[in-house]
Amino acid sequence: MLIAEDFLLLAVDDETGKTANVDNLGVRLAGALLADLAAANKTLLRGAPEAGATKEEREKAGDTTILVTDNTPTGHVALDAALQAALDAPDAPARKVVEAISGNAEENLLAALVERGILEKEESKLFRMLPVTRWPAADSSHEAALRANLTKVLVEGAEPDERTATLISLLHGSGLIGGLVGKEQRKAAQDRAEEIAGSEWGVATVATQVAIAATVATVATVGAAVATALILQAAKDDAAAAAPVAAEAAEPAPAPVA
């Protein structure tokens with residue numbers, strides 16, 4: 001299983017098949033795929049911070065260049081699409097590669113999980129008009145084991161391995177951590193996730209830390225762009241609404257009848 005697949009499984013409700021409302025889910029999945037590429041020895045880094053880097057240096061890790069060292073297809077639709085995105089942007093910073101991967105990351109990962117019998121694809125129509133697709137669980141055994149492992153780390157104090165630390169760091173800020181544990185344990189789980197996400201450089205490999213940093217940077221950039229677009233659209237709407245009122249006020253008053 002890919003780190004990105006684990007992330008997505010945690011974002012999909014097993015019974016309803018609905019995807020959670022995660023801020024910039026595609027970007028977060030893309031960052032996970034970048035970490036998966038590094039784990040598969042498909043990429044190397046140029047300009048990455050070294051172990052022991054300061055917080056400021058780590059925050060700039062999203063500017064690291066991703067170098068593809070092995071372009072042999074993996075046979076996994078999502079991972080191969082991510083590999084191609086990295087190949088298509090040889091001089092782009094990691095955050096730009098993450099943004100490029102994010103376009104079809106969720107779609108490709110869902111297709112792979114359906115093909116392997118982990119999720120089902122159910123299509124219907126809302127009000128007999130609007131197409132709706134859901135992804136209920138077909139085999140939840142892997143997710144159950146995943147949740148149990150995450151609970152041990154987030155609540156019971158177990159030390160995470162590199163893969164688990166990477167997943168938790170990517171999950172941090174997604175809004176999904178709280179859903180992994182009971183209500184009374186959510187605060188502790190959030191605090192532990194924040195501790196892991198902000199831990200010293202070296203909890204995970206430099207490559208996976210770069211993927212995490214690139215994800216955080218891209219989420220912030222995309223989120224700001226979306227917010228700006230909404231503000232501009234609201235301003236246009238306000239201007240359009242005000243235009244008829246202004247035009248009406250500018251019309252000359254009718255001449256008095258003699």
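This is a predicted model: local features need pLDDT of at least 70, side-chain atom pairs count only at pLDDT 80 or more; totals for chains, interfaces and linings use all residues.

Trainee: Is Glu143 buried or exposed?

Mentor: Glu143 sits in helix α7, residues 141-154. The cut-off for buried is under 20% relative accessible area. Glu143 has a relative accessible area of 5%, so this residue is buried.

Trainee: Which residues is Glu143 in contact with, leaving aside its neighbours within four places in sequence?

Mentor: Glu143 belongs to helix α7. With neighbours within four places in sequence left aside, its contacts are Leu9, Leu10 and Asp14.

Trainee: Nice. How many residues apart are Arg116 and Glu5?

Mentor: Their side chains meet in a salt bridge, at 2.7 Å from N to O. Arg116 lies in the loop between α6 and β3, while Glu5 is in helix α1, so the pair links distant parts of the chain. The two are 111 residues apart.

Trainee: Which residue meets Lys42 in a salt bridge?

Mentor: Lys42 is buried, at a relative accessible area of 6%. Its side chain forms a salt bridge of 3.2 Å, N to O, with Asp70. Lys42 lies in the loop between α2 and β1 and its partner in the loop between β2 and α4, so the pair ties together parts 28 residues apart in sequence. The partner is Asp70.

Methods
Residues are numbered from 1 along each chain as its sequence is written. Side-chain values use heavy atoms; hydrogens and water are left out. Helices (H or I, at least four residues) and strands (E, at least two) are DSSP runs, numbered from the N terminus. Buried means under 20% relative accessible area, exposed over 50%, partly exposed in between (1.4 Å probe, protein chains only). Contact means heavy atoms within 4.5 Å. A salt bridge is a side-chain nitrogen of Lys or Arg within 4 Å of a carboxyl oxygen of Asp or Glu.
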